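Visitor: Hi! Could you walk me through this structure, one topic at a time?

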Amino acid sequence: MRRRRRDHRSWEELSGEERRRGLAILAGAGIVAVVAVYLLVGSGPGTQAEAGASPPPTVDVNARLATWYSGTAQVRGQIVTAVGAVRSDIQAVNGMALQPACAQLGQLVDQIAPLGQPPAPAAAQAWSAGASAYGQAVTTCGNLFDGTAQQPAVLLARTTDALNSADGHWARLAAQIGAPAQIVPAR
């Protein structure tokens, strides 16, 4: 029986011989694909260790990360305290105290770069993003006092958003390391 183009049959309408032939073709194509991937990717030089070769050295990145993180504790603690002061002054609408609080935070942010980067890429990204966001908060806070033509409410909101972002990045960093997140001390 002849069929016209685009006249397809469902699986149930195929005869037993047609089903077996279709499955054999699919199985053959699958085997060819697996062998091709193995030959292209899996059998290249360097994929298997040579007999008798010593294993590559392992470095305990977690230990180095914990050591690095503990070395940043003093500056991180000072930043948490300074951020708490900035947040308190924003909530109290105390511009006279906010300017020196932002300046103090700026001095502490300048101490972040000399601490170096964490020895793990994800931790380094969180550390850098947090430091950058703290720097943005300082810059935006400073705009309140340098004559920038923005509404104070907008600048205060941007400062708070930058602080929230920075705190979030550093909280994720602490979680990656397995350390408790630092909390702004009660005033």
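Guide: Happy to; we can go through helices, salt bridges, the disulfide and the aromatic rings.

Visitor: What kind of model is this, and how are residues numbered?
Guide: This is a predicted model, where local features need pLDDT of at least 70, side-chain atom pairs count only at pLDDT 80 or more, and totals for chains, interfaces and linings use all residues. Residues are numbered from 1 along each chain as its sequence is written, and side-chain values use heavy atoms, leaving out hydrogens and water.

Visitor: Let's start with helix 3. Which residues does helix 3 cover, and what span should they have?
Guide: Helix 3 covers residues 73-91; helices here are DSSP runs (H or I, at least four residues), numbered from the N terminus. At 1.5 Å a residue, its 19 residues should span 27 Å, and the end C-alpha atoms are 27 Å apart, which agrees. The expected span is 1.5 Å times one less than the number of residues.

Visitor: Which residues of helix 3 are buried?
Guide: Among them are Val75, Arg76, Ile79, Val80, Asp89 and Ile90. Buried means under 20% relative accessible area, exposed means over 50%, and partly exposed is in between, using a 1.4 Å probe and protein chains only.

Visitor: And what do the buried residues of helix 3 pack against?
Guide: They pack against helix 2 (61-71), helix 4 (95-109), helix 5 and helix 6 (152-177). Contact means heavy atoms within 4.5 Å.

Visitor: Over to helix 2. Which residues are buried there?
Guide: Leu65, Trp68 and Tyr69 are buried in helix 2. They cover an arc of only 100° around the axis, which puts them on the same side of helix 2; the arc is that of the directions from the helix axis to the C-beta atoms.

Visitor: What does the face turned away from the buried side of helix 2 carry?
Guide: That face carries the exposed residues Thr67 and Gly71. The buried residues of helix 2, in turn, pack against helix 3, helix 5 and helix 6.

Visitor: New topic: how many salt bridges does the structure hold?
Guide: The structure holds two salt bridges, each being a side-chain nitrogen of Lys or Arg within 4 Å of a carboxyl oxygen of Asp or Glu. One of them joins the side chains of aspartate 167 and arginine 87 (2.8 Å, N to O). Aspartate 167 lies in helix 6 and arginine 87 in helix 3, so this pair ties together parts that are 80 residues apart in sequence.

Visitor: Which cysteines does the disulfide join?
Guide: The structure's one disulfide joins cysteine 102 to cysteine 141, with S to S at 1.7 Å; the cut-off is a pair of cysteine sulfur atoms within 2.5 Å. Cysteine 102 lies in helix 4 and cysteine 141 in helix 5, so the pair ties together parts that are 39 residues apart in sequence. Both cysteines are buried, and with 75° about the S-S bond the link is right-handed.

Visitor: Last one: how many aromatic pairs are there?
Guide: There are four aromatic pairs. Rings of Phe, Tyr and Trp (its six-membered ring) pair if their centres lie within 6.5 Å; planes under 30 degrees apart count as stacked, over 60 as edge-to-face and the rest as tilted. Among the pairs, tryptophan 68 and tryptophan 127 are edge-to-face, 4.7 Å centre to centre with 85° between the planes. Tryptophan 127 and tryptophan 170 are stacked, 4.5 Å centre to centre with 0° between the planes.

Visitor: Which residues form the aromatic cluster?
Guide: Trp68, Tyr69, Trp127, Tyr134 and Trp170 form one aromatic cluster.

Key. Helices (H or I, at least four residues) and strands (E, at least two) are DSSP runs, numbered from the N terminus.
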